[in-house]
Amino acid sequence: MKANAQAKEDAAPTHVLAQLAALLRNGDVQGALALTEAASAKHVRPDEDAPEEADAVRRIVSPPLDTLSFIERRESGGGYNYWASVPAAGSYSEESEIGGRLAKEFLTFIGNYHNNGNGSLLGSIMIDMDQNGASRGLKIGFLNTINKYAMGAAYLLHAGSHETEHPWVKCRRLGGELAEALDSIGEQQFAYVAPKGSGTPTLLFGHLDYHPSTEALNATPEFHGNPEDGQDFSELFYELINLVELAEATLDILREMDYTHGDGSRNAELDRVAALQRVLCTNLERLRESAEILDGPTRWVAA
């Protein structure tokens with residue numbers, strides 16, 4: 001371990017604080033951190049052991065920081081220059097590219113050697129970037145690249161805290177939201193949702209022309225009270241209008257379907273279904289026109 005090697009070379013006292021002071025005087029911050037972590041691990045009581053994951057992070061040995069191309073050991077005073085020997089560039093885009101490349105180098109390093117000491121490395125880099133006059137392009141390229149990876153990690157952290165929504169639950173939720181949206185704008189419509197790959201429009205809307213009357217007498221075909229008072233059949237007429245709308249919506253869907261098989265032959269079954277639907281729509285429309293007499297204030301009395 002680097003801290004032990006440094007202590008032997010300087011023949012420093014065996015006391016931890018003395019070794020730590022010697023390392024700090026020589027500017028070896030990484031060695032001092034490693035020595036501090038090792039000493040802390042020895043003094044942990046059995047009933048207060050750190051989690052295994054934290055121990056695993058602590059045991060990861062990192063190579064010297066000047067392994068990174070943009071970090072150099074200081075010639076005097078000890079320690080590291082955390083932003084040095086960065087190649088010059090002739091434009092902002094080139095600077096941004098260099099900053100991004102160095103950020104990926106940094107991310108690879110801390111990914112391979114994710115110990116506690118390297119956990120504070122980014123702050124030291126940013127301080128020396130400012131002190132050494134790093135350009136705006138280098139800073140933006142470096143930090144934007146790190147931000148992208150941090151955003152991905154944050155997304156995974158957030159996504160892991162939520163259970164995946166069941167497809168049927170999602171359909172019900174979206175259907176309820178659609179109904180609320182239609183109601184909020186005063187639209188009296190129905191919506192038909194087709195499954196994926198059915199060859200029909202994914203979502204189809206139609207108007208519901210309900211009669212504004214809400215009297216209980218009109219809601220059922222049964223007589224209430226005296227039969228001589230008659231019955232209002234206008235609700236029946238408007239229900240028939242809705243039936244016509246539904247039939248025409250179905251015909252619209254059939255018209256948009258592919259009437260050929262994979263081999264190019266005509267789909268005769270679908271032709272027959274479409275023809276029957278056209279006949280149904282025609283007869284329903286005639287029935288609706290004939291039933292217009294039921295609409296209005298006239299009350300019909302049984303013979």
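## How α10 and α11 cross

In this predicted model, helix α10 passes helix α11 in a left-handed crossing. Helix α10 covers residues 234-255 and α11 covers residues 268-290. Their axes come within 9 Å and cross at roughly 155°. Angles over 145 degrees count as roughly antiparallel, so that's the label for α10 and α11.

Who does the touching? On the α10 side, the contact includes Phe237, Leu240, Ile241, Val244 and Leu251. On the α11 side, Leu270, Val273, Cys281 and Leu284 are among the residues that take part. Sort the residues of this contact and you get 14 nonpolar, two polar and four charged.

## The largest nonpolar core

Now for the biggest nonpolar core, which has 21 residues. Inside it, the residues with the most contacts are Phe70, Trp83, Phe106, Leu121, Ile125 and Phe142. Helices α5 (92-112), α6 (121-131) and α7 each give two or more residues to this core, and α5 has the largest share, with six residues.

Take a look at Phe70. Leaving aside residues up to four places away in sequence, the residues Phe70 touches include Trp83, Phe106, Ile125 and Phe142. Asn81, Tyr82 and Glu105 are also among the residues in touch with Phe70.

There's also a second, separate core of 11 residues, and Tyr238, Leu240, Ala247 and Leu284 are included in it.

## A threonine in α7

Is Thr145 buried or exposed? Thr145 sits in helix α7, residues 136-159. Its relative accessibility is 13%, and buried means under 20%, so Thr145 counts as buried. Not counting residues up to four places away in sequence, Thr145 touches Gly100, Ala103, Lys104 and Leu107.

Methods
Residues numbered from 1 in each chain as written. Predicted model: local features only at pLDDT ≥ 70, side-chain atom pairs only at ≥ 80, totals over all residues. Heavy atoms only, no water. Axes fitted to C-alpha atoms, helices over the stretch in contact; angles between N-to-C directions. Helix = DSSP H or I, 4+ residues; strand = E, 2+ residues; numbered from the N terminus. Parallel < 35°, antiparallel > 145°, perpendicular 65-115°, else oblique. Left-handed = near helix turned anticlockwise from the far one by under 90°. Contact = heavy atoms within 4.5 Å. Nonpolar A, V, L, I, M, F, W, Y, C, P; charged D, E, K, R; others polar. Buried < 20%, exposed > 50% of the residue type's maximum accessible area, 1.4 Å probe, protein only. Core = buried A, V, L, I, M, F, W, Y, C linked by side-chain atoms within 4.5 Å.
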